[in-house]
Amino acid sequence: MSTAETAIDALKAQVCALHAELIRWGLVAWTSGNVSARVPGRELMVIKPSGVPYEDLTPDTMIVTDLEGEVVDGHHQPSSDTAAHAYVYRNMPEVGGVVHTHSPYATAWSAAGEPIPCAITAMGDEFGDDIPVGPFALIGDHSIGEGIVATLKGHRSPAVLMRGHGVFTIGKDAKAAVKAAVMCEDVARTVHLARQLGPVPRLGQDDIDKLHDRYRNVYGQQDTTTTGAGA
Ligand SMILES: O=C(CO)[C@@H](O)[C@@H](O)COP(=O)(O)O
């Protein structure tokens with residue numbers, strides 16, 4: 001087996017395993033979420049098959065596509081969001097992983113079409129800003145990807161609430177994108193609960209900037225293989 005094939009096999013195993021994290025953190029119902037990873041140095045990505053129950057996913061069921069979303073290797077139909085993920089990889093070269101969920105609290109904010117205000121330190125840390133709302137787009141082609149890129153390019157947040165749909169997150173790799181999806185749901189829930197108690201003020205911009213900088217540059221072990229920091 002070539003080095004490139006070995007690398008793709010490792011990514012298939014990782015992307016497959018990360019779907020279990022979506023279940024573990026309560027981010028998905030039935031088959032309603034997907035994870036992908038860019039194949040470093042290649043115009044390829046690995047993504048899950050469409051509509052296959054998570055318990056039936058194995059590394060061998062993962063699909064390899066090019067960055068136009070055309071299948072290169074795999075025996076199943078790729079995820080319905082393949083074109084959206086591919087669009088993100090084409091237009092955001094720094095992104096190595098993309099995740100989509102319908103996690104309930106964050107999706108409720110997306111249905112309301114309201115950004116989640118940066119009201120708690122955990123949001124300053126991970127998102128460095130409000131979590132923005134992206135445009136409504138139908139599922140199936142690259143339209144969702146266009147909305148993700150238009151909203152997140154130049155934004156600190158690795159998460160976007162696609163209006164009337166759900167959450168898309170990006171990261172330097174697939175694990176970082178899953179982490180952003182976990183944190184997005186956590187803060188969506190907390191800020192929602194806070195709103196039941198009354199108005200929720202946004203943190204001051206200067207404090208948000210300091211929190212975000214500390215989280216990226218000081219927090220944890222500063223070894224991104226072991227720390228949770230960094231997108
Ligand atoms: O958002 C949707 C449907 O609303 C899809 O992304 C979701 O059901 C997952 O679809 P796939 O199983 O990845 O094709």
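Reader: How do the residues of the shell around the ligand divide into nonpolar, polar and charged?
Author: This is a predicted model: local features need pLDDT of at least 70, side-chain atom pairs count only at pLDDT 80 or more, and totals for chains, interfaces and linings use all residues. Residues are numbered from 1 along each chain as its sequence is written. Ala, Val, Leu, Ile, Met, Phe, Trp, Tyr, Cys and Pro count as nonpolar, Asp, Glu, Lys and Arg as charged, and the others, Gly among them, as polar. On that basis the shell divides into one nonpolar, eight polar and one charged.

Reader: Which residues surround the ligand?
Author: A residue is near a molecule if its C-beta atom, placed from the backbone, lies within 6 Å of it. The ligand is surrounded by Thr31, Ser32, Asn34, Ser50, Gly51, Ser79, Ser80, Asp81, His100 and Ile139.

Reader: Which residues does UniProt list for "domain: Class II aldolase/adducin N-terminal"?
Author: UniProt positions follow the numbering used here, feature names are shortened, and annotations may be inferred rather than shown by experiment. The entry is unreviewed, and it lists residues 13-192.

Reader: How far apart do the end C-alpha atoms of residues 13-192 lie?
Author: Helices (H or I, at least four residues) and strands (E, at least two) are DSSP runs, numbered from the N terminus. The span is 37% helix and 19% strand. Its end C-alpha atoms lie apart by 35 Å.

Reader: Are H2 and H5 parallel or oblique to each other?
Author: Axes are lines fitted to C-alpha atoms, for helices over the stretch in contact, and angles run from 0 to 180 degrees between N-to-C directions. H2 (residues 82-91) and H5 (residues 143-152) pack at about 40°, with axes 7 Å apart. Angles under 35 degrees count as roughly parallel, over 145 as roughly antiparallel, 65 to 115 as roughly perpendicular and the rest as oblique. So H2 and H5 are oblique.

Reader: Which residues of H5 make the contact with H2?
Author: Residues are in contact if their C-beta atoms, placed from the backbone, lie within 7 Å. H2 brings Ala83, Ala84, His85, Ala86, Tyr87, Val88 and Asn91. H5 brings Ile144, Gly145, Glu146, Ile148 and Val149.

Reader: How are H1 and H6 placed to each other?
Author: The axes of H1 (residues 3-24) and H6 (residues 174-197) come within 10 Å and cross at roughly 10°. Therefore H1 and H6 are roughly parallel.

Reader: Is H3 parallel or perpendicular to H6?
Author: The axes of H3 (residues 104-112) and H6 come within 7 Å and cross at roughly 70°. That makes H3, relative to H6, roughly perpendicular.

Key
Two residues are in contact if their C-beta atoms, placed from the backbone, lie within 7 Å.
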